[in-house]
Amino acid sequence: MNKPIIDVLKGGSLKPPPVWLMRQAGRYLPEYRALREKAGGFLDLVFNPEFAAEVTLQPVRRFGFDAAILFSDILVVPHALGQRVTFAAGEGPLLDPIKDRTDFERLTSEIDHDVLAPVYETIRRVNVELPPAVALLGFCGAPWTVATYMIAGHGTPDQAPARLFAYRDAAAFDVLMDVLVEASASYLVRQLQAGAEAVQIFDTWAGVLSPEQFARWCIAPTRRIVTMVRLQVPGARIIGFPRGAGSQLPRYVAETGVDAVGLDWMIDRDFARERVQGIVPVQGNLDPLVLLAGSVVLDRAIDAVMDAFAGRPFIFNLGHGILPETPIAHVEQMLKRVRGT
């Protein structure tokens, strides 16, 4: 059976477009919250294949999305490189920060796939349960975005710690990026071999980089990952998501080799249609806040997205992850509007 998401990633144009949401498996769902409480800590949930598979499947069962995305986190990669990662309730991730190149000694040179074995088992379990037309997506964080957390030890609003580190010791930062490129590519290959049908590279903090840094820390590492993955999995379908790329998006698409690109809600849609959608399929770009707002403003926003990207390869999605406080009724409203039901 054809899978709409995969058809679009191969260049097809479907009406209505396939739809899934970033962070669709998460805190806005009561069934997720119940299972999270049962599991205990966040990483206990991620590394429990039975629970993680169930969480991955929950939004597909409830809403009938065209894709399931693996329930995991971008920070399992530094965790599997030997950096201590914890998730404190209400505080987000906490890591032992990397302050200078001597802290690299805490990291292993290669990713430990034994640590990540439960993730691959989750993929295998999900594949058994997925409806035939629903695609399974894997993912990783892009090296730049993952490095920002590794260096600061937590999330920051402008990623100043990582940017300052790169300014002060670019050679050392290159070493870290090399480790992350190798680890991320190897991780994605294992996901695809376990049964993921496409993967997405999340560069959530690409938008804080200058054009020169964007080329060095966003485009170049992503290009290397894409090349390395396809050497081992020829034809692998890869979606890039460089949030905040703006006018640099065409260059990102041209130089990384991704099959499709996710659009944040800040991008000019006419620009994206004219300069990007004619080259690769696009995915996005509804503002998560308008999904939270609901009512007639949500309908208008959906129509604007649909009108902008109609007639060309397009996957409907948000411009970033769904917000935890989003009402389920608004997601249902969105799906009815997108699908014309």
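## Helix H15 and the fold around it

Helix H15 covers residues 328–339, and at 1.5 Å a residue its 12 residues should span 16 Å; the end C-alpha atoms are 17 Å apart, which agrees. The expected span is 1.5 Å times one less than the number of residues in the helix. Helices (H or I, at least four residues) and strands (E, at least two) are DSSP runs, numbered from the N terminus.

The model is predicted: local features need pLDDT of at least 70, side-chain atom pairs count only at pLDDT 80 or more, and totals for chains, interfaces and linings use all residues. Residues are numbered from 1 along each chain as its sequence is written, and side-chain values use heavy atoms, with hydrogens and water left out.

### Helix H15

Which residues of H15 are buried? They are Ile328, His330, Val331, Met334, Leu335 and Val338. Buried means under 20% relative accessible area, exposed means over 50%, and partly exposed lies in between (1.4 Å probe, protein chains only). Seen down the axis of H15, the buried residues fall within an arc of 160°, so they line one face of the helix. The arc is that of the directions from the helix axis to the C-beta atoms. An α-helix has 3.6 residues a turn, so residues three or four places apart point the same way.

The buried residues of H15 pack against helices H2 (30–39), H4 (49–63), H13 (288–293) and H14 (295–309), and against strands S8 (282–286) and S9 (314–318). Contact here means heavy atoms within 4.5 Å. After H15 comes glycine 340, with a positive phi near 65°.

### The whole protein

The protein has 15 helices and 9 strands. Its radius of gyration is 19 Å, close to the 20 Å that the globule rule gives for 341 residues, so the protein is as compact as a globular protein of that length. The radius is taken over C-alpha atoms, and the globule rule is 2.2 Å times the number of residues to the power 0.38. Along the principal axes, the C-alpha trace spans about 60 × 45 × 40 Å.

Of the 341 residues, 57% are buried. Among contacts with a separation of 6 or more, 73% are between residues 24 or more positions apart. The protein exposes about 13,700 Å², and carbon and sulfur atoms supply 51% of that area. Accessible areas come from the Shrake-Rupley method with a 1.4 Å probe; for residues, only the protein chains shown count as cover.

In soluble globular proteins, nonpolar side chains tend to be buried together. In this protein the largest nonpolar core has 133 residues, and those with the most contacts inside it are Tyr187, Leu286, Phe316, Val331 and Met334. Helix H9 (residues 170–194) gives the largest share of this core, 14 residues. A nonpolar core is a set of buried Ala, Val, Leu, Ile, Met, Phe, Trp, Tyr and Cys residues joined through side-chain atoms within 4.5 Å.

Leaving aside neighbours within four places in sequence, phenylalanine 316 is in contact with residues including Trp20, Leu286, Ile302, Met334 and Val338. Two of these, Met334 and Val338, are also among the buried residues of H15.

### Backbone exceptions

Most residues other than glycine have a negative phi, and most peptide bonds are trans. The table gives some exceptions.

| Site | Feature | Angle |
|---|---|---|
| Lysine 15 to proline 16 | cis peptide bond | omega near -5° |
| Glycine 284 to asparagine 285 | cis peptide bond | omega about -20° |
| Arginine 23 | positive phi, not a glycine | phi about 60° |
| Glutamine 159 | positive phi, not a glycine | phi about 55° |

Proline 16 lies in the loop between helix H1 (4–9) and H2, and arginine 23 lies in the loop between H1 and H2. Glutamine 159 is in the loop between helix H7 (143–152) and helix H8 (160–168), and at 1% relative accessibility it counts as buried.

Asparagine 285 lies in strand S8. Is asparagine 285 buried or exposed? Asparagine 285 is buried, with a relative accessible area of 0%. Beyond its neighbours within four places in sequence, asparagine 285 is in contact with residues including Asp264, Trp265, Arg269, Phe309 and Asn317.

### Proline 288

Proline 288 is found in helix H13, and at 6% relative accessibility it counts as buried. Not counting residues up to four places away in sequence, proline 288 touches Trp265, Leu318, Gly319, His320, Gly321 and Leu323.
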